[in-house]
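I opened a notebook page for this model and wrote down each thing I looked up.

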Amino acid sequence: MAYQLDGWTEPTLRENLAKAGVSRRAFLGFCGGLAAVFAAGGLETGQAAASPLPAKFIADTLGSTTKPNVVWLQLQECTGCIESALRSGGTTVEDVVLNLLSVNYNEAIMAAAGAAANKALEDVNKEPHILVVNGSIPTKDGGIYCTIGGQSAEQVLRDAAENAVAILAVGACAVWGSVQAANPNPTGAVGVDQIIRNKPIINVAGCPPIGEVITATVAYILTHDLALPKLDAEGRPLFAYDQRIHDSCPRRPHFDAGQYVRTFDDEGARNGWCLYKMGCKGPSTFSACPIIQWNLHTSWPVEAGHPCLGCTEKDFWDRFTPFYHVLPNVAGTGVEHSAELIGWGAVGITAAAVGVHAAATAVRRSASRKVEEAPLAAFGDDDGLGDETPSPKITSPATLDESPKSSGKAE
Ligand code: SF4
Ligand code: SF4
Ligand code: F3S
């Protein structure tokens with residue numbers, strides 16, 4: 001369906017959508033999708049963060065939104081995040097909504113350029129607004145590695161944050177610096193919360209984040225009187241980041257059975273076995289990828305046959321590389337932790353847990369093989385010796401920092 005968008009010309013979002021050709025049915029469908037995103041979280045935490053709002057409530061509340069001021073900065077980044085939000089597959093209601101919500105200033109999609117664009121930013125910065133940031137902030141050498149209109153990205157961010165009523169860092173770059181901040185971090189790249197310290201930051205993590213999660217986070221704020229969603233220890237909205245990939249992964253039965261892909265074209269790969277030994281970081285990664293999926297719910301990395309790289313986790317370029325190796329052997333504790341508690345220690349904790357789990361599975365399977373004298377293929381391709389599975393060194397849980405890195409960042 002091709003929608004005709006002339007900018008924000010009508011009083012409310014719903015009226016502008018109708019003018020663009022978005023039917024009520026299509027808008028309700030879009031809001032149903034948002035409700036599903038909100039409902040995706042909270043299963044483990046049981047908190048109100050999941051916001052089990054009915055689609056009709058979201059449609060009524062979001063639809064009656066009057067023109068919000070939104071500043072959408074793109075700093076040191078690759079444009080992948082806005083592409084994720086806007087190009088998730090054809091022209092969708094989501095595209096139209098995001099276009100309408102970012103009319104004030106968004107370098108990638110606004111018509112204005114040069115002095116006119118700078119003026120638009122100056123004007124909206126004077127008003128209360130929602131600030132969305134893609135990209136990291138280079139801090140070395142006076143910030144010369146990313147300038148906009150002659151100003152450093154840091155200054156642009158500080159100016160835009162001053163009157164912001166809510167700030168979203170969208171994408172791994174804006175959240176933690178991502179690939180630019182990877183060792184040796186030549187530009188001194190940092191995330192938004194390293195620069196703006198006097199306001200809560202919502203970290204919409206991922207490289208890029210799922211488009212629906214970006215939209216849902218903006219929609220959450222607009223449908224909750226600008227209140228922020230519940231956040232985890234890393235500042236991520238719990239509704240989208242409280243579930244571990246590993247726990248919702250359709251390949252999980254193969255992990256439990258010790259059936260691993262060893263090369264990308266082996267029989268295990270063709271049979272959809274577990275990608276853990278191809279370096280999958282799903283056991284240490286919190287994201288709703290298996291549930292919400294990508295590209296209009298077409299698929300997601302693990303379903304497509306590629307291991308999860310852990311792109312929603314802090315400093316994944318440094319901590320999770322080499323990407324195609326199993327998790328490092330780091331001391332840790334039990335396997336079932338919520339994202340809220342794991343925070344920065346996720347890799348070590350879950351790496352060890354996976355090792356324990358895999359080893360226990362192998363032992364069980366090995367015992368069962370002896371009893372049943374079944375061929376290995378019937379139970380998986382692992383010989384139970386754990387040649388590539390890390391042998392966890394378990395230490396006392398008391399040695400681990402399980403306390404949230406931050407709390408009370410939002411209500
Ligand atoms: Fe690009 Fe990833 Fe950074 Fe988004 S988070 S701007 S997709 S590198
Ligand atoms: Fe799925 Fe990866 Fe876990 Fe295997 S290790 S079950 S592929 S998330
Ligand atoms: Fe990222 Fe892993 Fe999802 S790499 S896109 S969190 S499957």
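The entries below go from the whole chain to single residues.

**Entry 1: the chain as a whole**

I noted that this is a predicted model. I looked up the secondary structure and found 18 helices and nine strands in the chain. Next I looked up burial: of the 411 residues, 53% count as buried. I then took the contacts between residues at least 6 apart in sequence, and 75% of them join residues at least 24 apart. The accessible surface of the chain comes to about 16800 Å². Carbon and sulfur atoms hold 56% of that surface.

**Entry 2: the nonpolar core**

I looked up the largest nonpolar core and found that it has 93 residues. Leu73, Leu131, Leu157 and Val192 have the most contacts inside this core. Helix 10, residues 211–223, gives the largest share of the core, with eight residues.

I picked Val192 and listed its contacts, leaving aside neighbours within four places in sequence. The list reads Val133, Ile137, Leu157, Ile167, Ala169, Ala174, Val175 and Ile201. Leu157 is on that list, and Leu157 is also among the residues with the most contacts in the core.

Which residues of helix 3 are buried? In this helix, residues 55–63, I found Ile58, Ala59, Leu62 and Gly63 buried. Seen down the helix axis, the buried residues of helix 3 fall within an arc of 110 degrees, so they line one face of the helix.

I turned to helix 5, residues 93–101, and found it mostly covered, with eight of its nine residues buried. The buried ones are Val93, Glu94, Asp95, Val96, Val97, Leu98, Leu100 and Leu101.

**Entry 3: around ligand 1**

I listed the residues surrounding ligand 1: Glu77, Cys78, Gly80, Cys81, Gly171, Ala172, Cys173, Gly206, Cys207 and Pro208. Helix 4 (80–86) and helix 8 (172–176) are the elements that give two or more residues to this shell. I sorted the shell by type and got six nonpolar, three polar and one charged.

**Entry 4: around ligand 3, and Thr312**

I did the listing again for ligand 3. Its surroundings are Ile245, Thr285, Cys289, Trp294, Trp300, Pro301, Cys308, Leu309, Gly310, Cys311 and Thr312. This shell divides into eight nonpolar, three polar and no charged residues.

Thr312 sits in the loop between helix 15 (289–292) and helix 16 (316–319). Is Thr312 buried or exposed? Its relative accessible area is 3%, under the 20% limit, so Thr312 is buried. Not counting residues up to four places away in sequence, Thr312 touches Trp176, Ala205, Gly206, Arg236, Tyr241, Thr285, Phe286 and Ser287.

**Entry 5: Val165**

I looked up Val165 and found it in strand 7, residues 164–170. Its relative accessibility is 40%, so Val165 counts as partly exposed. Val165 touches Pro128, His129, Ile130 and Leu226, not counting residues up to four places away in sequence. I also checked Val165 against Asn69, which is 96 residues apart from it along the chain. The C-alpha atoms of the two are separated by 10.0 Å.

**Entry 6: backbone exceptions**

Most residues other than glycine have a negative phi, and most peptide bonds are trans. I looked for exceptions to both.

The peptide bond from Asn183 to Pro184 is cis, with omega near 15 degrees. Pro184 is in the loop between helix 9 (178–181) and strand 8 (189–190). Another cis bond joins Thr321 and Pro322, where omega is about 0 degrees. Pro322 lies in the loop between helix 16 and helix 17 (339–342).

For phi, I noted Ser178, with a positive value near 50 degrees. Ser178 is in helix 9 and counts as buried at 8% relative accessibility. Asn185 is not a glycine either, and its phi is positive at about 45 degrees. Asn185 lies in the loop between helix 9 and strand 8, and it is buried, with a relative accessible area of 17%.

Methods: Residues are numbered from 1 along each chain as its sequence is written. Chains are lettered from A and ligands numbered from 1 in the order in which they are written. This is a predicted model: local features need pLDDT of at least 70, side-chain atom pairs count only at pLDDT 80 or more; totals for chains, interfaces and linings use all residues. Side-chain values use heavy atoms; hydrogens and water are left out. Helices (H or I, at least four residues) and strands (E, at least two) are DSSP runs, numbered from the N terminus. Buried means under 20% relative accessible area, exposed over 50%, partly exposed in between (1.4 Å probe, protein chains only). Contact means heavy atoms within 4.5 Å. Accessible areas come from the Shrake-Rupley method with a 1.4 Å probe; for residues, only the protein chains shown count as cover. A residue is near a molecule or strand if one of its heavy atoms lies within 4 Å of it. Ala, Val, Leu, Ile, Met, Phe, Trp, Tyr, Cys and Pro count as nonpolar, Asp, Glu, Lys and Arg as charged, and the others, Gly among them, as polar. A nonpolar core is a set of buried Ala, Val, Leu, Ile, Met, Phe, Trp, Tyr and Cys residues joined through side-chain atoms within 4.5 Å. The arc is that of the directions from the helix axis to the C-beta atoms.
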